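Please look over the sequence and the model shown below before reading on.

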Amino acid sequence: MAKITYVEHGGTEHTVEVANGLTVMEGARDNNIPGIEADCGGACACSTCHVYVHPDWVEKIPAKDDMEEDMLDFAYEPDPARSRLTCQIKVTDALDGLVVQMPEKQI
């Protein structure tokens, strides 16, 4: 289990425990976190689970693959360094304390 903090665009924080093996997107979905729509269900076929990873965590999570990079081109105001698709980040004990912030909107 890892405690992950999801921060809404307006600043409201939601800290929840997410089981190892799930994705950060599944943790948001299972805990009814607003701001992550996940229209494709985690298939990396849309950008509606886009977040900005807290700067302290950018280097601690696995790198983006080419497919995720391509999908981020469709995200709302992507940040080259901090934008990630939560469906592509698997939860492990090493992610305990991860903080992600939602963009103003998902497209």
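## Basis of the model

This is a predicted model, in which local features need pLDDT of at least 70 and side-chain atom pairs count only at pLDDT 80 or more, while totals for chains, interfaces and linings use all residues. Residues are numbered from 1 along each chain as its sequence is written, and side-chain values use heavy atoms, with hydrogens and water left out.

Strand E1 covers residues 2–7 and strand E2 covers residues 13–18, and the two pair in the antiparallel sense over six bridges. Strands (E, at least two residues) and helices (H or I, at least four) are DSSP runs numbered from the N terminus, and two strands pair if DSSP finds at least two bridges between them. Val7 stands opposite Glu13 in E2. The hairpin has five residues between the strands, and Gly11 takes a positive phi near 110° there.

Lys3 has its place in strand E1 and is partly exposed, with a relative accessible area of 45%. Here buried means under 20% relative accessible area, exposed means over 50%, and partly exposed lies in between (1.4 Å probe, protein chains only). Leaving aside neighbours within four places in sequence, Lys3 is in contact (heavy atoms within 4.5 Å) with Thr15, Val16, Glu17, Leu95, Asp96, Gly97 and Leu98. From Lys3 to Tyr76 there are 73 residues in sequence and 26 Å in space, C-alpha to C-alpha.

## Strand E3 and its partners

Strand E3 (residues 50–53) pairs in the antiparallel sense with strand E4 (residues 83–85) over three bridges, and it also pairs in the antiparallel sense with strand E5 (residues 99–101) over two bridges. Tyr52 stands opposite Ser83 in E4, and Val53 stands opposite Val100 in E5. In a regular strand the side chains alternate between the two faces of the sheet. Both faces of E3 are covered, with His50 and Tyr52 buried on one side and Val51 and Val53 buried on the other.

His50 is buried, with a relative accessible area of 0%, and a polar contact of 2.8 Å joins its side chain to that of Ser83. A polar contact is a pair of N or O atoms within 3.5 Å; within protein, one must be able to donate a hydrogen and the other to accept it, and residues adjacent in sequence count only if both atoms are side-chain atoms. Val51 and Leu98 are 47 residues apart in sequence and 12 Å apart in space, C-alpha to C-alpha.

## The loop between H1 and E3

Ser47 has its place in the loop between helix H1 (24–30) and E3, and at 2% relative accessibility it counts as buried. A polar atom of the Ser47 side chain lies 3.2 Å from the backbone oxygen of Ile107. Not counting residues up to four places away in sequence, Ser47 touches Met71, Phe74, Ala75, Leu85, Gln106 and Ile107.

Most residues other than glycine have a negative phi, and most peptide bonds are trans. Ala38, although not a glycine, has a positive phi of about 55°; this residue lies in the loop between H1 and E3 and is buried, with a relative accessible area of 14%.

## Cysteines

A search of the whole structure finds zero disulfides, a disulfide being a pair of cysteine sulfur atoms within 2.5 Å. Cys44 is in no disulfide, and the nearest cysteine sulfur, that of Cys87, is 4.8 Å away. Cys87 is in no disulfide either, and the nearest cysteine sulfur to it, that of Cys49, is 3.8 Å away. Cys44 counts as buried at 4% relative accessibility, and Cys87 counts as buried at 7%.

## A charge over a ring

The charged end of Lys60 sits over the ring of Trp57, 4.8 Å from its centre. A charge sits over a ring if NZ of Lys or CZ of Arg is within 6 Å of the ring centre and within 35 degrees of the ring normal.
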